[in-house]
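Open the model in your viewer and keep the selection tool at hand.

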Amino acid sequence: MNTSIQCLNHKRSDSNKTLARRLSRLAATQALYEIEISQASPHEVVQAFFSFDFSSISDYATSSQVDALFFKNLVINTVHDTPNLDSMLIAALEPDFTLHRLEVLLRSILRLGSCELLSFSEVPAKVIITEYVEISRDFFLAREPALVNAVLDQIARLLRKSEI
């Protein structure tokens with residue numbers, strides 16, 4: 001891993017941590033999209049993001065603003081758990097929707113949100129849902145953010161009943 005990439009240290013403020021996580025989620029969305037489109041290995045794609053100091057995620061973002069460890073774990077866990085995540089997503093989607101008919105980017109957002117709900121219990125469910133709705137708004141103008149909200153809410157009700 002590029003040694004110039006620094007993971008968050010515990011002395012950062014909550015607002016810096018929030019920004020770092022948001023940028024990590026955005027980078028993870030782009031990474032998952034790239035993995036699915038190019039069929040590249042998740043480790044190669046993660047390394048590419050490290051090599052280019054996360055320059056693709058924002059004009060104002062720098063590598064020091066990204067929670068690199070969170071990004072890496074999120075991408076790797078999502079790819080590893082895709083069959084399980086897809087089963088949850090299929091169950092949460094309306095019968096008229098099929099997972100593979102959704103756009104790759106939307107599918108990536110849903111998988112990442114589901115993975116975070118499943119595997120990152122330190123992050124509150126409402127925060128996860130809000131973050132992925134916001135990411136979907138960055139890319140889509142129509143009904144997709146509402147779909148992300150509905151699907152992740154349904155999955156959160158299954159995985160984190162006590163929080164919802």
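Select helix 4, residues 82-92, in this predicted model. Show the side chains of Thr 82, Leu 85, Asp 86, Met 88, Leu 89 and Ala 92: these are buried. Now look down the helix axis. The buried residues of helix 4 fall within an arc of 160°, so they line one face of the helix.

Turn to the other side of helix 4. Pro 83, Ile 90 and Ala 91 are exposed there.

Next, show the whole protein as a cartoon. You will find 7 helices and 0 strands. Along the sequence the pattern reads α-α-α-α-α-α-α. Of the 164 residues, 47% are buried.

Switch to contacts. Take those between residues at least 6 apart in sequence: 73% of them join residues at least 24 apart.

Switch to a surface. The accessible area is about 8,800 Å², and carbon and sulfur atoms hold 52% of that.

Finally, colour by pLDDT. The protein averages 86, and 85% of the residues score at least 70. Among the elements, helix 5 has the highest mean, 97. Helix 1 (residues 14-38) has the lowest, 89. Then select residues 1-12, where the pLDDT is below 50. Beyond near neighbours in sequence, this stretch has 22 contacts in the model. Where pLDDT is low, predicted coordinates should not be read in detail.

Technical notes
Residues are numbered from 1 along each chain as its sequence is written. This is a predicted model: local features need pLDDT of at least 70, side-chain atom pairs count only at pLDDT 80 or more; totals for chains, interfaces and linings use all residues. Side-chain values use heavy atoms; hydrogens and water are left out. Buried means under 20% relative accessible area, exposed over 50%, partly exposed in between (1.4 Å probe, protein chains only). Helices (H or I, at least four residues) and strands (E, at least two) are DSSP runs, numbered from the N terminus. The arc is that of the directions from the helix axis to the C-beta atoms. Contact means heavy atoms within 4.5 Å. Accessible areas come from the Shrake-Rupley method with a 1.4 Å probe; for residues, only the protein chains shown count as cover. pLDDT is the predictor's confidence in each residue, from 0 to 100.
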